[in-house]
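Please look through the structure below and question the terms used to describe it. Each answer sets a computed value against the definition behind the term.

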Amino acid sequence: MKIFTLKNLSLVVCTLLAASTLYFFDHLKNIGLIIDYFDTYDPEHISENFRSMYQRYPSARIENNGKTIKLPNALRDFPFPEQYEFLNEQRVSREFVSASHTTGLAVLHNGELIYEFYDRGNRRDSYSIQMSVGKVYTSFLIGKLLEEGYINSIEDSVDTYVLELRGTAFEGVTIRQLLDMTAGIRWVEDISDLTSELVRSTYASMTDTMDEFVKTIVREREPGTYHHYATVNHYVLGLLIRDASGMSYNDYFQQKMWSKIGAESHAWLQGPPGGVANMPYIRLRDMLRFGYVYANSGKNMAQEQIIDPEWIAYSSAPDHPMLEPGSDNPLSSSYHGYKNQWWFPLNYDQEFAALGIFGQILYVNKKHNVVIAKTSSYEHESEDGGWRRMEAVILFQQTARWLHEQHSLETKIQTAP
């Protein structure tokens, strides 16, 4: 694969226009914006861009109107095992942190901040792009819709609430199928394929034509029969939040989640004014605060119940063979398992992760009460980005177990006569 650069921008433009449906031609005046957007992946500036794109494109500031919950501080040098195993090979943890172009890395264990690290120009007050990590924030909000009675069941068809989806490929698709990426639509999730639905949807999102774009999606399989990751499902869930609640996505995000997790700052949602399911920019510590809610059965760090614990439990494990992890799963196109916008690694044990392109990760381990947030600007995404994310999750799995063992040993020593 190849990430777009100035050297091939003309190809980007020509291919986009040739491959796209006719409605794109009504928005040619915006093509310069799209060219600039894809140039943000230029390796020379990618780290800076990933913490500042919300300043360059239309974005909404999401205020923290709730109280800030301080993170108990128990910082240590490096709370990862010196070595970890990946693909039957022993590797060095510190080397991976550097090689994966980490911009921020923080660890929460038993409700305490035990590690915090920034690099490549990022600082504690930097806002980091979330990429597809942002999907789990939307999943949280769907849980709130259900809890507050805005939707009756996740087994309802999404067009019950979003009337404009009738007559499209999403008619008859259930909310659960959207959450689990089993909607049955045709979708290529490849930023290097200029004819892919992902690239076309990026163009649509930047030109405020996503509602039109959604109507061009076609069905490939019977919904609920095959797991296939498609970012557009997330956008449709945003439409559901807007239409079912009667509030904008941004307002629902702020009122039902951001003001409840104890955030230390505001957040940003990048996207056209009035858009839905926009790209979040969040500080690293606030990623931990959100992850802690899932590690703590729906309670924030002040032990306030901010979402139904049943929704957290429902999100915590796959419940169908097509959602189970494994390279030989005939019912899935993914190696990892999936459920409710969360990914599940091999040999999962009450643990799951939100994964974003270029190395954005939020890992939650309920069993050992560990939350790890990682932001990155991995410029080699097109070569082996997927493998890097897999390696990070495996390192975090081994770290959670190692921290638990270390804590148990320290407790024994402290209580010994």
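**Reading the terms in a predicted model**

Buried residues make up 58% of the 417 residues in the protein chain. The model is predicted, and its protein chain has 14 helices and 13 strands.

Q: How many salt bridges does the rule give?
A: Applied in this way, the rule brings the count to 24 salt bridges.

Q: Why can the salt bridge of Glu 351 and Arg 401 be said to tie together separate parts of the chain?
A: The side chains of Glu 351 and Arg 401 meet at 3.0 Å, N to O, which falls within the 4 Å limit.

Q: Why is Glu 351 called buried, and why does Arg 401 count as partly exposed?
A: Buried means under 20% relative accessible area, and partly exposed covers the range between that limit and 50%. Glu 351 has a relative accessible area of 0% and is therefore buried, while Arg 401, at 27% relative accessibility, is therefore partly exposed.

Q: What separates Arg 388 from Glu 391 in helix H14?
A: Arg 388 and Glu 391 are three residues apart in H14, which means that about one helical turn separates them. The closest N and O atoms of Arg 388 and Glu 391 are 3.5 Å apart, and the pair forms a salt bridge. Glu 391 has 3% relative accessibility and therefore counts as buried. Elsewhere, salt bridges that share partners join Arg 124, Glu 264, Arg 283, Asp 286 and Arg 289 into one network.

Q: How do you know that Asn 122 is buried rather than exposed?
A: Asn 122 has 9% relative accessibility, and the limit for buried is under 20%, so Asn 122 counts as buried. Asn 122 is found in the loop between strand S5 (112–118) and strand S6 (128–129). Leaving aside neighbours within four places in sequence, Asn 122 is in contact with Ser 47, Arg 51, Thr 103, Ser 128 and Thr 375.

Q: Why is H11 described as largely enclosed by the rest of the structure?
A: Eight of the 10 residues of H11 are buried, so the description follows from that count. Among the buried residues of H11 are Tyr 249, Phe 253 and Trp 258. The buried residues of H11 pack against S1, helix H6 (134–147), helix H10 (232–245), S7, strand S8 (279–282) and H12.

Q: What makes S1 an edge strand?
A: Four strands form an open sheet in the order S1-S7-S8-S6, with antiparallel pairing. Strand S1 (59–62) and S6 are the edge strands, as each pairs on one side only.

Q: How do you know that S1 and S7 pair?
A: Two strands pair if DSSP finds at least two bridges between them, and S1 and S7 are joined over four bridges in the antiparallel sense, so they meet the requirement. Ile 62 stands opposite Ala 267 in S7.

Q: What joins S2 to strand S3 (residues 89–92)?
A: S2 and S3 run antiparallel and are joined by four bridges; in S3, Arg 91 is the bridge partner of Tyr 84. S2 and S3 form a hairpin with two residues between them, and Leu 87 in the turn has a positive phi of about 55 degrees.

Q: Which helix supplies the largest share of the lining of the second largest pocket?
A: The largest share, six residues, comes from H14. The second largest pocket holds about 290 Å³ of space, and of the 14 residues that line this pocket, the closest to its centre are Leu 346, Asn 347, Ile 394, Gln 397 and Gln 398. The lining divides into eight nonpolar, four polar and two charged residues.

Terms used: Residues numbered from 1 in each chain as written. Predicted model: local features only at pLDDT ≥ 70, side-chain atom pairs only at ≥ 80, totals over all residues. Heavy atoms only, no water. Buried < 20%, exposed > 50% of the residue type's maximum accessible area, 1.4 Å probe, protein only. 1 Å grid on protein atoms, 1.4 Å probe; cavity = no way out; pocket = protein on both sides within 12 Å on 5 of 7 lines; lining within 4 Å. Points joined across faces, edges and corners; volume = space filled by probe spheres on them. Nonpolar A, V, L, I, M, F, W, Y, C, P; charged D, E, K, R; others polar. Contact = heavy atoms within 4.5 Å.
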